[in-house]
Amino acid sequence: MNKFKFDWLILPLVGVLIVLSVWHGVAGKKIFVTDAAGAIIEEKRIGLIPDLPNVVETWTSSLPYIKEPFAKRGEMDQGILRFTWYSLVLVAQGYAIALIIGVPLGFFLGLSPTFTKMFDPLIQVLRPVSPLAWLPLGLVLFMRAGPEAGTYAALFTIALCGMWPTVLNTAVGVRAVPQDYLNVGRVLKLSRWKMLTKILIPATLPYMFTGFRLSLGISWLAIVAAEMLTGRPGAGGFLWQEYNALIYEHIIFSILTIGLVGLILDRLMSLVEARFKATS
Amino acid sequence: MAFLDLQNVSKSFGGHSVLTNVNLSIREGEFVAIVGYSGQGKTTLISMIAGLLKPDSGTVTLDGTPITGPGPDRGLVFQNYSLLPWLTVYENIALAVEQVFPQWDAPTRQAHVDKYIAMVKLSHAKDRLPKQLSGGMRQRVSVARTLAIQPRILLLDEPLGALDALTRATLQDEIGGICQSEGKTVILITNSVDEALLLADRIIPLTIGPGATLGETVPVNLARPRNRTELNHDPEFKRLRAQVTNQLLSFNSTRQTTLTRKLILPDILPEDLDKPRVHRPPRRLSEEKSENVTIA
Ligand SMILES: Nc1ncnc2c1ncn2[C@@H]1O[C@H](COP(=O)(O)OP(=O)(O)O)[C@@H](O)[C@H]1O
Ligand SMILES: [Mg+2]
């Protein structure tokens, strides 16, 4: 029973069903305590984890946000796609900064052993630092920027965290350019610029795109953290706000949304990446 | 003064001496083949002429000017083709032509590229990427790219080494014809004595390392155009082939070899085809008691 018709569809569905059942099983449920006359005296939650909303509660409570995905009822009460859109715009900006800084940095690292010796240890130290740790520093850096400080700090965090996979993969790619390609350029006496645009960049592109895909994943991780700390409207900001508002159903709803969007972004980047892998 | 001149050229990599005291003089228009075993420094030698490597000592001069770096006056056809995989056949050659003839206008360059693509019979494939070509086609592109920059000397580093015998023969004839008609100075590196005899004016064997150097020149005074089928019956061809081969073999006998592993031959004998198939278990030497030989 290794393979059967539609196993690609049925097996994941079975997996999802199992997880949903376990979740529903351990989640809490609302019950009403009544007195002898049948009047409700108190409402309380029972179950293994009483405060964890169950599947049905999560679904009903999230429905308005899915049904009207672009609604804007208030600053922190908007349709889920509208929130996602805010997050995506911010991620796109931070990600763009990450690539603009990351690609040249990767090229320098790949081309110059001296540069690598100088900065590689530093990069190895900065790389594992969580977005949550960068954000306060960003807020301090842009403290004098006025009302937009939060945005700048968020961009700073996304760019700084998202940059590393691009930097490292580009550097690896540059080092992996076959000597033969470089020799072709040397025999032709290509200028530095042509060597870069005609040989180094095309030869490195497949590696760069692997970096781009990983960077996008990290940028998406960072945005949620940034929004939570700055209270911006967005998928992550919504999550934090609903936690504070004690609407726990929406925490789960936000998590699922963030995960799905991350998955879609990764798939899209994989498609682009595969295209570049195919041509070289 | 020779056109290309190598004086006492030596090269070692990390203390391991590859070439010592290589002397070589080539006249303009000459076709010289260097034959040698693999791993003995043929690529190293041609890379120094191309300027991709610097000799540790000695000088390399082209037309009296010392070679200090690579340049398009020496057209190198790489051992492994080295086409840029993201460029089509046309673009690979056009990149070289644009670089070497920047003063030409676009139509002139285009016609020039097309001419060399046609010369190697690839006009039908000019918009294909290298990965869509066979090994022989790739090597043709590589040759066309090098010829198109009109180098003063053509350096061919085992250009046909990776090809099957039939493709190899076809390309040998093509390269021979093209070099003949272009009247180029050529250095051909090869491990095939026949290939060298078919194409070259003289053959120089490379001795065996460490510290390999060039052996005794063997002039090839076979009439051109040379036809491979006729050559095979030519006594002079046979004599030359024996001369070069013996020289190469004599290098080999001076090489010290120590066999540290016991050679174990497979314990199996040829099948007796006279017996029906079902009664033919594998015959093992260790199981044979005696052998019956029938003489008709
Ligand atoms: N860049 C290099 N660094 C170290 N050793 C090298 C390098 N290039 C070649 N060699 C060594 O030099 C020897 C000759 O190599 P090569 O010129 O490629 O031989 P061939 O082309 O005759 O097969 C080999 O033993 C090889 O390992
Ligand atoms: Mg070689």
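Mentor: Let's start with Lys30(A), which forms a salt bridge with Glu43(A), their closest N and O atoms being 3.7 Å apart. The term means a side-chain nitrogen of Lys or Arg within 4 Å of a carboxyl oxygen of Asp or Glu. This pair links distant parts of the chain: Lys30(A) is in strand β1 (residues 29-34) of chain A and Glu43(A) in strand β2 (residues 40-46) of chain A, 13 residues apart. Strands (E, at least two residues) and helices (H or I, at least four) are DSSP runs numbered from the N terminus. Side chains of opposite charge can pair when their charged atoms come close.

Before going on, some ground rules. This is a predicted model, so local features need pLDDT of at least 70 and side-chain atom pairs count only at pLDDT 80 or more, while totals for chains, interfaces and linings use all residues. Residues are numbered from 1 along each chain as its sequence is written, chains are lettered from A and ligands numbered from 1 in the order in which they are written, and side-chain values use heavy atoms, with hydrogens and water left out.

Over all chains, the whole structure has 19 salt bridges, yet the count between chain A and chain B is zero. What does join those two chains? There are four residue pairs in polar contact between them, both residues at pLDDT 80 or more. A polar contact is a pair of N or O atoms within 3.5 Å; within protein, one must be able to donate a hydrogen and the other to accept it, and residues adjacent in sequence count only if both atoms are side-chain atoms. On chain A's side, α7 (179-188), α8 (192-230) and α10 (248-279) each give two or more residues, with α7(A) giving the largest share, seven residues. Overall, 18 residues of chain A and 21 residues of chain B take part in the contact, meaning heavy atoms within 4.5 Å.

Now for ligand 1. Its surroundings include Phe13(B), Gly39(B), Gly41(B) and Thr43(B); being near here means having a heavy atom within 4 Å. Helix α1 (residues 42-50) of chain B gives the most to this shell, with three residues. An oxygen atom of ligand 1 is 2.6 Å from a polar backbone atom of Gly39(B), and one is 3.1 Å from a polar backbone atom of Gly41(B). Thr43(B) uses a polar side-chain atom instead, 2.6 Å from an oxygen atom of ligand 1.

Arg224(B) and Pro225(B) are joined by a cis peptide bond, with omega about -5 degrees, and Pro225(B) is in the loop between β10 (218-219) and α7 (228-231) of chain B. Phe6(A) is not a glycine, but has a positive phi of about 65 degrees; look for Phe6(A) in the segment before α1 (7-26) of chain A.
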